[in-house]
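Please read the points below against the model.

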Amino acid sequence: MPGAVVVSIVGPELVAGGPSAWLGGAAVVVLTRKTGSLLAAMVGGLGVVLAVRAVL
């Protein structure tokens with residue numbers, strides 16, 4: 001999926017999502033750079049969002 005499409009879909013959700021979404025987005029960026037796999041990074045970011053929401 002082109003990056004502009006991903007940003008246009010995910011960007012507004014990150015802005016409105018609060019701290020859990022921001023941490024998940026940061027995790028996706030870090031995991032993408034480390035693994036090179038966007039799919040694995042998105043799964044990891046979702047895990048971070050769910051974990052933060054469970055704690056808060």
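Predicted model: local features only at pLDDT ≥ 70, side-chain atom pairs only at ≥ 80, totals over all residues.

1. Helix 1 covers residues 3-17, a run of 15 residues. From first C-alpha to last it reaches 20 Å, which is close to the 21 Å expected at 1.5 Å a residue.

2. Helix 1 has a kink of about 35° at Val10.

3. Just after helix 1 comes Gly18, whose phi is positive, at about 85°.

4. The axes of helix 1 and helix 2 are 6 Å apart, and the two helices pack at an angle of about 135°. Helix 1 is therefore oblique to helix 2. Helix 1 brings Glu13, Leu14, Val15 and Gly17 to this contact, and helix 2 brings Pro19, Ser20, Ala21, Trp22 and Gly25. By class, these residues are 5 nonpolar, 3 polar and 1 charged.

5. Helix 2 (residues 19-35) also packs with helix 3 (residues 38-55): their axes come within 8 Å and cross at roughly 150°. With the cut-off for roughly antiparallel set at over 145 degrees, helix 2 and helix 3 are therefore roughly antiparallel to each other. Their crossing is right-handed.

6. On the helix 2 side, the residues that meet helix 3 are Ser20, Ala21, Leu23, Gly24, Ala27, Val28, Leu31 and Thr32. On the helix 3 side they are Leu38, Ala41, Met42, Gly44, Gly45, Val48, Val49, Val52 and Arg53. The contact of helix 2 with helix 3 divides into 11 nonpolar, 5 polar and 1 charged residues.

7. Ser20 and Ala21 of helix 2 are listed in the contact with helix 1 and also in the contact with helix 3.

Definitions and conventions. Residues numbered from 1 in each chain as written. Heavy atoms only, no water. Axes fitted to C-alpha atoms, helices over the stretch in contact; angles between N-to-C directions. Helix = DSSP H or I, 4+ residues; strand = E, 2+ residues; numbered from the N terminus. Parallel < 35°, antiparallel > 145°, perpendicular 65-115°, else oblique. Left-handed = near helix turned anticlockwise from the far one by under 90°. Contact = heavy atoms within 4.5 Å. Nonpolar A, V, L, I, M, F, W, Y, C, P; charged D, E, K, R; others polar. Expected span 1.5 Å × (residues − 1). Bend = angle between axes of the 7 residues up to and from the residue.
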